Amino acid sequence: MLEKLKEILGKVLPEVDMSAVTEQTRLVEELGFDSLAMMMMAMELEQAFNFQFTEFVRFETVGDVCGYLESRI
């Protein structure tokens, strides 16, 4: 799941080197995510995993996103 998510994150923030990203990597503080990047990530996740967010979910780390996806698919 982590590798697939890193591909998606790379689409959202192509200027960020994803090779050092781990599940503990913080989206805002370390990768520089802002509200637009979060929205873009949500859209990419919905398309890649064929689901729709139906509620607000607060992701702080890459691991948070992985855990959420694993619970959904």
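Of the 73 residues in the protein chain, 37% count as buried, where buried means under 20% relative accessible area with a 1.4 Å probe, protein chains only. This is a predicted model, so to read it: local features need pLDDT of at least 70, side-chain atom pairs count only at pLDDT 80 or more, and totals for chains, interfaces and linings use all residues. Residues are numbered from 1 along each chain as its sequence is written, and side-chain values use heavy atoms, with hydrogens and water left out.

**Overall fold**
- The protein chain has three helices and zero strands, with helices being DSSP runs of H or I at least four residues long and strands being E runs of at least two, numbered from the N terminus.
- Going from the N terminus, the order of elements is α-α-α.
- The radius of gyration is 11 Å, close to the 11 Å that the globule rule gives for 73 residues, so the protein chain is as compact as a globular protein of that length; the radius is taken over C-alpha atoms, and the rule is 2.2 Å times the number of residues to the power 0.38.
- Along the principal axes, the C-alpha atoms fill a box of roughly 30 × 25 × 20 Å.
- Of the contacts (heavy atoms within 4.5 Å) with a separation of 6 or more, 55% come from residues 24 or more positions apart.

**The core**
- In the largest nonpolar core there are 23 residues, and Phe33, Met41 and Leu45 touch the most other members; such a core is a set of buried Ala, Val, Leu, Ile, Met, Phe, Trp, Tyr and Cys residues joined through side-chain atoms within 4.5 Å.
- Two or more residues of this core come from each of α1, α2 (35-49) and α3 (62-72).
- Leaving out residues up to four places away in sequence, Met41 touches Leu9, Val12, Leu27, Phe33, Phe59 and Val65.
- Over in α3, the buried residues are Val62, Gly63, Val65, Cys66, Tyr68 and Leu69, and they pack against α1 and α2.

**A lysine to look at**
- Lys6 sits in helix α1 (residues 2-12).
- Lys6 is buried, at a relative accessible area of 11%.
- Beyond its neighbours within four places in sequence, Lys6 is in contact with Met18, Ser19 and Val21.

**Surface and charge**
- The accessible surface of the protein chain is about 4600 Å², and 50% of it belongs to carbon and sulfur atoms; the area comes from the Shrake-Rupley method with a 1.4 Å probe.
- There are 6 positive and 14 negative side chains, and the centres of the two sets lie 3 Å apart.
- Lys and Arg count as positive and Asp and Glu as negative, without His or the chain ends, and each charge is placed at NZ of Lys, CZ of Arg, CG of Asp or CD of Glu.

Key:
Buried means under 20% relative accessible area, exposed over 50%, partly exposed in between (1.4 Å probe, protein chains only).
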